[in-house]
Amino acid sequence: MEAKDFKNIVGAVQTGEVATIRFFGKITEESASQFNNEFDYLECCIRPKLIRVLINSEGGSVLYGMAIYSTIQNATVPTECIIEGMAASMASIVWAAGNKSLMRDYSILMIHNPFLPAEGNEKSSDLVEAFTKQITTIYRKRFGLTKEHVESIMNGDAGKDGTFFDAKAAVKAGIIPQENVIRTSKQLCDKAKNEISALENISEIQTVLSRISAEAENLNPENKHFFPTTPTLKKHNNPMNEEKNISPEYAAVAASLGLKDGYEVKDVMARVSALIAVEAKLTETTKALSDANTVIAGRDATILNLQKDNGELTASLKIYQDRETEEKKAKINVLVEAAITDGRIDKSAQAQWVQMAEANFALAESTLSSIPVPDKISKEIATDPDNVQAAANASKTAGEKMAEKVNAVVGENFKFNTLK
């Protein structure tokens, strides 16, 4: 965007200084787009220390007004919005977007419920209801008002559209503090009240206040919104003597904020604003940390329970394993002892067979099963006399048997003579 296309930026702008931009007139798609483009240029290209938004608007589109609100609300540099003449309807939402909301003592604030031209349309009614809730939330959170208070302001008295406030009434209603009112001359305030007292048309009121706002810019510096830089502080008659007029108490506050000699009022306010922003973030961070600690505590409890369950399971498994080991050992002993008793293996080989069974029970069992049980006839022979004799007879040699037969024929003492 080129400088020649600017319509809202006021005067020369420099990095690190205060930049001023106006929103005057009705909120439309075109005016919102023009304002947002110029605001983005200030924020991203110029990078001022503060963007001051001057407002004199009868309101307009809720949709495009929310686009302006979002642009100001999400700015990365401090912002303040000042009602120069009037902020009515949706323009009051734009006014509420700044870090600070101020108004001249003769300016007008008007708050009411949103509406759509099309009546009797169910879809339109739903949209109006949604916009109403959205705007109510913004007023309530921005100015710290109750929901009921905001609704009563938006509804207005019977037969009226919403509620009008001058600066004094806005302070009384709790919308802004007294120090957020920018003082001008009594003559100018009286002139504004007199000229708009007979007017009911918002556009006409806006026109009158726009002219009076222009007259206010021609007054001496103490009555201008841009002196001092932060208009929420008490004004001094002579800007050159500003430092001399600061009280010792205020100087002590500045020192506690870490500001050194040569500071200005705007520096103190900037520091306070920064600390307020940090405090808000700290609150959010503390809550997030608390929530995280709660989650961690829950997880720790779960881990302890799991560890306890794991210990119990480990103990149960140990008992089972010990029992299984004892049963296996007993089974091996029975197998090997049976083989020894049957005579399939010798007792001296018991340790080797036990070792084999411990390494591979199935192999040991199958191997022992394949060894035949020795014949038990020898035992019967050893215990039966007849069988003993039969066995002795069976063991005689053929010579012995022949000798017995010869003796049976010729006698036991028969002798052959020697031939001569």
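The model is predicted, so please keep its thresholds in mind: local features need pLDDT of at least 70, side-chain atom pairs count only at pLDDT 80 or more, and totals for chains, interfaces and linings use all residues. Residues are numbered from 1 along each chain as its sequence is written, and side-chain values use heavy atoms, with hydrogens and water left out. Helices (H or I, at least four residues) and strands (E, at least two) are DSSP runs, numbered from the N terminus.

**Strand 4 and its partners**

- Let us start with strand 4 (residues 79-88): 10 of its 10 residues are buried, so the strand is largely enclosed by the rest of the structure. Here buried means under 20% relative accessible area, exposed means over 50%, and partly exposed is in between (1.4 Å probe, protein chains only).
- Strand 4 pairs with strand 3 (residues 50-57) in the parallel sense, over 6 bridges; two strands pair if DSSP finds at least two bridges between them. Opposite threonine 79 in strand 4 stands isoleucine 51.
- Between strand 3 and strand 4 the chain passes through helix 2 (residues 62-73), and this β-α-β crossover is right-handed. The term applies if, with the strands pointing away from the viewer, the path from the first strand over the helix to the second runs clockwise.
- Strand 5 (residues 100-104) runs parallel to strand 4 and is joined to it by 4 bridges. Lysine 100 in strand 5 is the bridge partner of glutamate 80.
- The chain gets from strand 4 to strand 5 through helix 3 (residues 90-95), in a β-α-β crossover that is right-handed.
- Strand 6 (residues 108-111) is also parallel to strand 4, with 3 bridges between them. Methionine 110 in strand 6 stands opposite alanine 88.

**Aromatic pairs**

- The count comes to 4 aromatic pairs. Rings of Phe, Tyr and Trp (its six-membered ring) pair if their centres lie within 6.5 Å; planes under 30 degrees apart count as stacked, over 60 as edge-to-face and the rest as tilted.
- The rings of phenylalanine 6 and tyrosine 41 form a tilted pair, because their centres are 4.9 Å apart and their planes are at 50°.
- Phenylalanine 6 lies in the segment before strand 1 (9-10) and tyrosine 41 in helix 1 (residues 29-46), so this pair ties together parts that are 35 residues apart in sequence.
- Phenylalanine 6 is partly exposed, at 21% relative accessible area, and tyrosine 41 is partly exposed at 24%.
- Phe23, Phe35 and Phe39 form one aromatic cluster.

**Salt bridges**

- The whole structure holds 6 salt bridges, each defined as a side-chain nitrogen of Lys or Arg within 4 Å of a carboxyl oxygen of Asp or Glu.
- Glutamate 80 meets arginine 52 in one of these, with the closest N and O atoms 2.5 Å apart. Glutamate 80 is in strand 4 and arginine 52 in strand 3, 28 residues apart, and both residues are buried.
- Arginine 104 and glutamate 84 form another salt bridge, at 3.2 Å from N to O. Arginine 104 lies in strand 5 and glutamate 84 in strand 4, so the pair ties together parts that are 20 residues apart in sequence. Both residues are buried.
- Lysine 133 and glutamate 129 form a salt bridge with their closest N and O atoms 3.6 Å apart. Both lie in helix 4 (residues 122-143), 4 residues apart, about one turn of the helix.
- Lysine 133 counts as exposed at 54% relative accessibility, whereas glutamate 129 is partly exposed at 42%.
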